[in-house]
Amino acid sequence: MHDTRPLLEKTDFPTIYRDDINILQVNLGYLCNLSCVHCHVNAGPTRTELMSDDNIHALIKLFDNPNIDTLDLTGGAPEMHPLFKKLVIAAKKHNINIIDRCNLVILQEPDYTDLANFLYDHDVNIVASLPCYLEDNVDKQRGKGVFQQSIAALQKLNALGYGLENNDTHQLNLVFNPQDATLPPPQHDLEIAYKKHLKAHYDIVFNQLYTVTNMPIQRFGSTLISKGTFDDYLSVLKDNFSAHNLDSLMCKNTLSIDWQGYTYDCDFNQMLDLPLGSNPKKQHFTDLNLNTLHNTPIATLQHCYGCTAGQGSSCAGSLT
Ligand code: SF4
Ligand code: SF4
């Protein structure tokens, strides 16, 4: 795989500063029940990297910080971490909004038959990637049979009460990102199309569709380099720069933590191994005082134009 970071270093992205941190986005490890071809962390059933028990316990202590109102769990399949439930129970006790980035298929695995009920009982909101509503496209990307298992999982979640309209709790949100080097279509229009198709064909409902712009990093960036279209894609991102997205960038209020406990401004910077702020060295979350991060600079490279292009992009979809 080509390293895209050297091509992103020379940047003219505006300098941005952090607000207060209120979201912890934590990668619990690379263990996963699937091994999707596009996976940016190369997760899979044989990966052994998991957040240590000590770090999980230290993380739970962070919930005492009154500014923290959201815990966003990623992986791998975060639910496969042996202390996943302990973490969720602790967050719920602190009235923290919990987001589980779920691959859906995990809900159908024999060892996880109680998982959907557990998530519901602890008011966990679910964000699930469904790159397309057509079976062939999903199976090509994620593996044979994944689409049908995802559909069955979505139906299971609906039966529990997930994804219902006018319901602030038990949100079920789906994620779309383009398959090619283009910006995502307007989020609202695509959401209507997804809802129409999934309801008509599978009687499935969900709350929101998040459209996410592909970042010119990792596997996607490497493919662009192989095809000779890396610079063209960067130009698309830059040419569509919208300054009004700068105020709502997710890095303004999110701390990204990797499976070893090191901190970053966002998940993309984590993938680029770009330490938090302008620090030359990575910092562990146990060495940080979250309350002193306000107004400190955020580490930006040229990939940041992916967050400001057009309707903007974040882990919660478009910014506008
Ligand atoms: S489900 Fe997600 S984490 Fe697991 S292999 Fe697929 S892309 Fe990677
Ligand atoms: S990639 Fe996006 S979220 Fe990450 S630091 Fe850049 S602008 Fe912020």
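Glutamine 218 lies in helix H8 (residues 218–227); helices (H or I, at least four residues) and strands (E, at least two) are DSSP runs, numbered from the N terminus. The model is predicted: local features need pLDDT of at least 70, side-chain atom pairs count only at pLDDT 80 or more, and totals for chains, interfaces and linings use all residues. Residues are numbered from 1 along each chain as its sequence is written, and side-chain values use heavy atoms, with hydrogens and water left out.

With a relative accessibility of 19%, glutamine 218 counts as buried (under 20% relative accessible area; exposed is over 50%, partly exposed in between; 1.4 Å probe, protein chains only). Apart from neighbours within four places in sequence, glutamine 218 is in contact (heavy atoms within 4.5 Å) with Met1, Thr4, His40 and Met271.

An open sheet is formed by 8 strands in the order S6-S5-S4-S3-S2-S1-S7-S8, with mixed pairing; two strands pair if DSSP finds at least two bridges between them. Strands S6 (209–211) and S8 (263–264) stand at the edges with a single partner strand each, so one side of each is left without a neighbour in the sheet. Strands S2 (residues 70–74) and S3 (residues 97–102) run parallel and are joined by 4 bridges; aspartate 72 has isoleucine 99 in S3 as its bridge partner.

Helix H3 (residues 84–93) lies across S2 and S3, at about 165° to S2. Axes are lines fitted to C-alpha atoms, for helices over the stretch in contact, and angles run from 0 to 180 degrees between N-to-C directions. Buried residues of helix H2 (residues 53–62) include Ile56, Leu59 and Leu62, and their cover includes strand S1 (23–27), H3 and strand S7 (254–257).

Conventions. Chains are lettered from A and ligands numbered from 1 in the order in which they are written.
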